[in-house]
Amino acid sequence: MDFSLTKEQKFFKEQVSRAVQRIVAPSADSIDRSDSFPRDLFRELGLLGYYGIRYPAEIGGMGADCVMFTILAEELARASIGFAAIATMQCLMGTDFIHRFGTVEQKERCLLPAIRGEKIGTIAFTEPDCGSDLGGIKTRAVKNEKGYVLTGRKLWITDGDVADFVTVAATTAPEKRLGGIGFFLVEKGTPGFSVGQKIEKMSARGAATMELVFDECQVSSFSLMGEEGKGAKYLNDILSEIRIMIAGLGLGLAKSAFVAGLKYARQREAFGKPIGTFQLIEEKIAEMEVRIRAAELLTYHAAWLKDRGGLTGKEAAMAKFYSTEAACFVVDEVSRIHGAYGVAEEYPAQRYFRDGRFLLFGGGTSEILKTIIAKDTMKKCEFEIN
Amino acid sequence: MDFAFTEEQQFFKKIITDTVDRMVVPRAREIDEKDEFPWELWKDFTKLGYLGLRYPEEIGGMNADPVTAMIFYEQIARGSVGFAQSVIMNILMGTYFVYRFGSQAIKERCLYPAMKGEKIATMCFTEDQSGSDLAATRTTAVKDGNEWIINGTKMWITNGPHADFATVLATTDPSLGAKGLNFFLVEKGTPGFSPGQILDKLGCRGTITGELVFDNVRIPEENMLGAELNKGVEYLAEILDEVRVMTAAMAMGIAQAAYDEGLEYARKRIAFGKPIGTYQLIRAKFADMATEMEASRLLIYSAAWKIKEKLPSRLEAAMAKMFATETCLKVVDEVTRIWGANAFANEYNPQRHFRDARFLLYGGGTHEIIKDFMGRMLIGK
């Protein structure tokens with residue numbers, strides 16, 4: 001048993017932390033206010049190679065493990081959830097299918113530039129009427145002699161307005177639900193593919209969430225990533241890692257908010273002494289600290305299991321569920337510690353408060369995660385019923 | 001980074017789990033109902049050598065590291081908290097000062113028999129007007145020639161009424177507050193040392209908890225357990241973290257026992273034509289319980305690992321104690337909800353777990369004390 005980071009992990013964490021604090025943190029407020037894609041920043045981080053964190057060195061990646069990726073997610077989220085959402089999309093969901101299933105040309109055209117930060121990738125599964133219930137998607141992929149024709153609407157697509165390529169979930173057989181889903185690579189400029197409305201939102205601003213429209217969008221047969229009907233399985237391969245990554249985002253946000261709360265509690269005086277010396281504020285500090293530590297342990301435990309082998313869906317779900325709920329608890333308490341300044345634009349507390357909510361959805365809502373955890377921990381029960 | 005138990009720890013866990021299932025679990029209900037010290041079980045169990053868990057092999061101990069010790073504390077509490085309290089008192093608090101500071105003669109008279117279960121040990125801090133606030137201790141120790149004279153009354157003493165020896169916290173000078181505190185060894189049969197009332201309590205029954213009275217008790221100079229005078233609080237700090245994490249591990253023992261009962265019941269109890277374990281509102285309880293228990297164990301082992309590695313562990317240990325105990329309280333509460341009215345029936349176990357869990361709130365520091373400590377530490381005042 002050894003609960004400490006290895007030397008390599010420690011070094012990596014320091015490096016990432018320095019880079020993020022230098023490059024991202026100073027722009028966090030402006031990213032939030034403008035709610036526009038921070039292109040220069042995006043490129044700058046690309047130059048450091050972080051978008052290739054999980055890809056092999058041969059294609060320009062870092063070849064790092066899931067623990068390191070979680071460290072990256074945490075450090076990015078400490079600075080800006082909006083930017084962290086963009087960067088982690090690029091590292092994982094936005095590029096994973098091309099890495100696994102893309103042709104050499106597709107990789108050269110999309111993946112390699114994406115790793116360098118020259119192109120932007122995203123993934124599109126959510127639709128106006130379906131999210132967690134992936135089997136219910138309505139976007140159709142109909143096979144023809146030239147490949148596939150995609151028709152449908154996607155919603156809540158991170159970076160949808162600026163993405164150069166999108167991995168789109170569509171069904172070739174709606175009656176098969178999950179068994180009909182395939183992922184298709186669609187590049188910007190493909191006829192029939194257009195960007196629809198933007199969802200104005202309170203959280204993770206900077207990572208614009210868009211509607212994407214596919215109107216008889218013809219793609220080649222090479223655009224199918226892997227095989228027809230296996231999309232849900234492919235997604236499942238990275239689902240735990242997505243959850244661990246979001247748990248890392250929750251952790252980073254919670255830590256930043258906690259530091260802000262601590263700072264304010266030390267400096268703000270009431271009745272002749274700093275508010276942090278009152279027991280009811282001390283209690284908030286203690287409750288936040290213990291939840292952050294519990295979240296940290298659950299998150300890195302899951303990441304470590306992922307690297308070591310032996311990760312089940314349960315641990316990743318627990319990490320995501322607990323860490324994001326802890327983050328929401330922390331940003332709420334920090335907002336209370338700030339009093340009215342908790343809603344003042346000049347303090348970051350309001351941004352943390354808004355950003356916390358963003359983490360509750362992607363990778364599965366807490367309600368969905370609870371059903372997954374219960375299924376795993378109640379196996380005996382399941383067995384009895386069937 | 002390595003979250004796994006060593007092979008040795010895994011093996012130990014298997015052995016102790018089986019032992020507890022075989023020896024302790026079947027007697028748990030009777031221990032609780034009778035609320036008498038289970039002498040027979042004590043004799044059977046202590047033969048196995050676990051009372052020397054934390055002491056070196058040279059003196060007959062098992063030399064278990066803190067992580068392994070947490071595995072033990074959890075399992076024994078899973079069997080019976082009443083019994084676990086008595087056992088752990090002999091392993092840890094009741095013998096630590098004798099082990100650390102006792103003369104060879106004292107060790108031979110007290111420690112070695114205690115490690116074999118032949119003598120029963122206890123530790124006395126609490127008084128009727130002082131608990132967490134140790135500086136308010138009123139029991140006095142006055143030097144008279146080459147003897148100490150102890151006067152005072154101790155309350156809430158685990159194993160107290162039948163202890164063969166007690167490590168007693170007393171002040172040499174009440175005006176010094178926490179800086180006047182020392183530990184003294186008082187053995188059964190010393191004139192003036194007698195048990196007072198026995199407390200009839202809600203949970204942890206089977207552990208006999210009572211009052212001890214010290215009325216002009218004269219003990220030899222060497223019974224002052226400490227290298228230097230008035231450093232008692234510093235010596236106590238040496239085991240404080242382990243005591244706290246141990247309490248957390250016991251909480252997980254109760255929580256696991258209750259959780260298993262809850263799962264069993266959710267499987268077989270039918271409502272509206274199907275097992276209640278198939279309903280989302282019941283399943284969510286299991287998801288919450290399992291997640292917080294997993295987090296509790298990570299905190300416990302992380303804190304134990306820090307103790308083992310001699311890293312700063314005060315904060316982690318305090319967090320583990322608070323988090324695991326609160327989780328335990330939540331679990332025993334949820335399990336009584338899952339069990340419906342049957343949770344209220346004395347013929348089943350959930351009511352016992354529900355009562356037992358409350359006892360862990362106090363030892364090692366109430367959560368109000370822990371939050372105050374954490375808050376001050378983190379705010380930096």
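A residue is called buried when its relative accessible area is under 20%, exposed when it is over 50%, and partly exposed in between (1.4 Å probe, protein chains only). Helices (H or I, at least four residues) and strands (E, at least two) are DSSP runs, numbered from the N terminus. The views below come from a predicted model, in which local features need pLDDT of at least 70 and side-chain atom pairs count only at pLDDT 80 or more, while totals for chains, interfaces and linings use all residues. Residues are numbered from 1 along each chain as its sequence is written, chains are lettered from A and ligands numbered from 1 in the order in which they are written, and side-chain values use heavy atoms, with hydrogens and water left out.

**View 1. Helix α11 of chain A is mostly covered.** The buried residues are A349(A), Q350(A), R351(A), Y352(A), R354(A), D355(A) and G356(A). They pack against several other helices of chain A, namely α2 (28-34), α4 (66-79), α5 (81-91), α8 (231-267) and α10 (313-337).

**View 2. Q256(B) is a buried residue of chain B.** Q256(B) belongs to helix α8 of chain B, which covers residues 232-268. The relative accessible area of Q256(B) is 19%, so this residue counts as buried. Contact here means heavy atoms within 4.5 Å. When neighbours within four places in sequence are left aside, Q256(B) is in contact with E74(B), R78(B), M293(B) and R297(B).

**View 3. R376(B) is partly exposed.** R376(B) is found in helix α12 of chain B, residues 367-379. Its relative accessible area is 39%. R376(B) and K14(B) are 362 residues apart along the chain, and their C-alpha atoms are separated by 40 Å.

**View 4. Chain A and chain B meet at an interface.** Here 47 residues of chain A are in contact with 44 residues of chain B. The two chains bury about 4400 Å² between them, and 70% of this area lies on carbon and sulfur atoms. On the chain A side, M1(A), F3(A) and W304(A) lose the most area to chain B, together 19% of what that side buries. Buried area is the accessible area (1.4 Å probe) that two parts lose on being put together, summed over both.

**View 5. Chain A contains 13 helices and 10 strands.** The radius of gyration of chain A, taken over C-alpha atoms, is 21 Å, close to the 21 Å that the globule rule (2.2 Å times the number of residues to the power 0.38) gives for 386 residues, so chain A is as compact as a globular protein of that length. Buried residues account for 59% of the 386 residues in chain A. Along the principal axes, the C-alpha atoms of chain A fill a box of roughly 80 × 55 × 40 Å.

**View 6. Chain B contains 12 helices and 9 strands.** The radius of gyration of chain B is 21 Å, close to the 21 Å given by the globule rule for 381 residues, so chain B is as compact as a globular protein of that length. Of the 381 residues in chain B, 62% are buried. The C-alpha trace of chain B spans about 80 × 50 × 40 Å along its principal axes. Among the contacts in chain B with a separation of 6 or more, 75% join residues 24 or more positions apart.
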